Amino acid sequence: MIIASHTAHRKRGTSVSSETSTPVEITAKPEPGKILLKAPRRGKPPRHIADMDLAGRKEFLKELGHQPFRASQLSKHYFERLVDDPQEMTDLPASSREQIVADAMPNLLTTVNTLEADGGDTLKMVHRLFDGALVESVIMRYSNRVTMCISSQAGCGMNCPFCATGQAGLTRNLSTAEIVEQVVAGARMVKKMSGLDGAEDGPEETKPLRISNIVFMGMGEALANYKSSLGAVHRLIDPSPEGMGISARNITMSTVGLVPGMYKFTQENIPVTLALSLHAPDDELRDELIPINNRWKVDEALDSAYDYYRKTGRRVSIEYALIRDINDQGWRADLLGKKLAQRGRGWVHVNPIPLNPTPGSKWTASRPGVEQNFVERLRAHGIPTTVRDTRGSDIDGACGQLAAAS
Ligand code: SF4
């Protein structure tokens, strides 16, 4: 749920690497309120071992004319060692390793820019895909975890008016491997920063050395790209070396309220956290802020979120961007508190997020006193509430800011 344009903002932060790139596709700015649920059909990226599970990889290798058992070797290199250089795969025959890797692990994304903020603890990576589309992911390093925010689509079709990503329109869906590749690229970056990649000039590092948490809150509506997003979840949680070995409990699937997709995702019965970006408790305002609300209303979205909790036992997160004088009134906090409390206790947690202003936009963050009042009112209804930090706001790496301009 992040991303959006605004090159003016991009002057800030430190660019630690950059490569010139020109996006191939320029997507037309969507008309207000217009939603694109189905992504435009554009060229598909080449297939990659990260698109499939281990059994699928064996079949894939066979189809390519290679030995199926190479799938396990490649998996170990890719998911565990984070290696894609054939020369480092010494267990593959020297004569064919280049070909095997070119066939089964084609290059899917090139990191064209990396910006850092928060003293290097927040990094935004801009990646160019095979067709020139740009996507972004953000790494946030804390003392006890490393969280990565990843994109599921190039752009977004949901057209939320306060969100830079939505204003740039939807270019296309990402493949499973393109989603996973962002995490692998991030994991390599974290490894490099820790000095564990063998580079002599690696800085001393005391922070965690692995990506531990993933949020699908980058560019795009993950449930609108259901199959690829679900595939990516499996690759991320499959034990290493079959997958990345990240705990399902540390993964957050985010949605703006695609109700049928939420029910479907519940049926997958994977213990990930579901985050619903609500941003308004009443249909009148939400119809305007989140155009998909014209199709599935607040109560329907909350019912499906509650159903997710009932079936999986996982507490749901409600994301609420606090926008000055738009959705931050005390009565809206009360209405939200009431709607959540009437469905039960202990099933939900609210994260108010101060809106990250985007240049030229009328939407801006709530005043601090107003934010505090909003939080207190929710708590008075017995709803656990934590204001989320806005890491990376000075590099447009915070929610509503990802627009993939390199
Ligand atoms: S807030 Fe999320 S769903 Fe809405 S346009 Fe932005 S990225 Fe898409």
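# Briefing on the predicted model

UniProt, in an unreviewed entry, assigns the feature "binding site" to Gly-220, Glu-221, Ser-254, Ser-277, Leu-278, His-279 and Asn-356. The model is predicted. Its protein chain comprises 11 helices and 12 strands. Of the 406 residues in the chain, 50% count as buried. Among contacts with a sequence separation of 6 or more, 71% are between residues 24 or more positions apart.

**Annotated positions**

- Ser-254, one of the positions in the UniProt "binding site" feature, is located in strand E9. Ser-254 has 25 other C-beta atoms within 10 Å and is therefore buried, the cut-off being 20 or more.
- His-279, also listed by UniProt under that feature, lies in the loop that connects strand E10 (273–277) with helix H8 (283–289). Its phi is near 65°, a positive value in a residue other than glycine. His-279 counts as buried because it has 27 C-beta neighbours inside 10 Å.
- Asn-356, another residue named in the UniProt feature, is in the loop between strand E12 (348–354) and helix H11 (368–380). With 26 C-beta neighbours inside 10 Å, Asn-356 likewise counts as buried.

- All eight residues of strand E3 (residues 122–129) are buried, so the strand is largely enclosed by the rest of the structure.
- Both faces of E3 are covered.
- Strand E2 (residues 109–117) runs antiparallel to E3 and is joined to it by eight bridges. Within this pairing, Leu-109 stands opposite Leu-129 in E3.
- The hairpin of E2 and E3 has four residues between the strands, and in this hairpin Asp-118 adopts a positive phi near 50°.
- E3 is also antiparallel to strand E4 (residues 134–141), with seven bridges between them. Here Val-126 is opposite Glu-136 in E4.
- E3 and E4 likewise form a hairpin with four residues between them, and Gly-132 in the turn has a positive phi of about 95°.

**Surroundings of Ile-211**

- Ile-211 occupies the loop between helix H5 (176–194) and strand E8 (213–215). It counts as buried because 24 C-beta neighbours fall inside 10 Å.
- Leaving aside residues up to four places away in sequence, Ile-211 touches Val-146, Met-148, Val-183, Gly-186, Ala-187, Val-190 and Ile-246.
- Ile-211 and Arg-141 are separated by 70 residues in sequence, while their C-alpha atoms are 8.8 Å apart in space.

**Further backbone features in loops**

- Ser-240 and Pro-241 are joined by a cis peptide bond, with omega about 10°. Pro-241 is placed in the loop between helix H6 (226–237) and strand E9 (251–255).
- Leu-82, a residue other than glycine, has a positive phi near 60°. Leu-82 belongs to the loop between helix H2 (70–80) and helix H3 (97–104).
- Leu-82 has 19 other C-beta atoms within 10 Å, so it is classed as partly exposed; a residue counts as buried at 20 or more.

Note on methods. Residues numbered from 1 in each chain as written. Predicted model: local features only at pLDDT ≥ 70, side-chain atom pairs only at ≥ 80, totals over all residues. Helix = DSSP H or I, 4+ residues; strand = E, 2+ residues; numbered from the N terminus. Buried ≥ 20, exposed ≤ 12 C-beta atoms within 10 Å, placed from the backbone. Contact = placed C-beta atoms within 7 Å. UniProt positions renumbered as here; feature names shortened; annotations may be inferred. Pairing = 2+ DSSP bridges.
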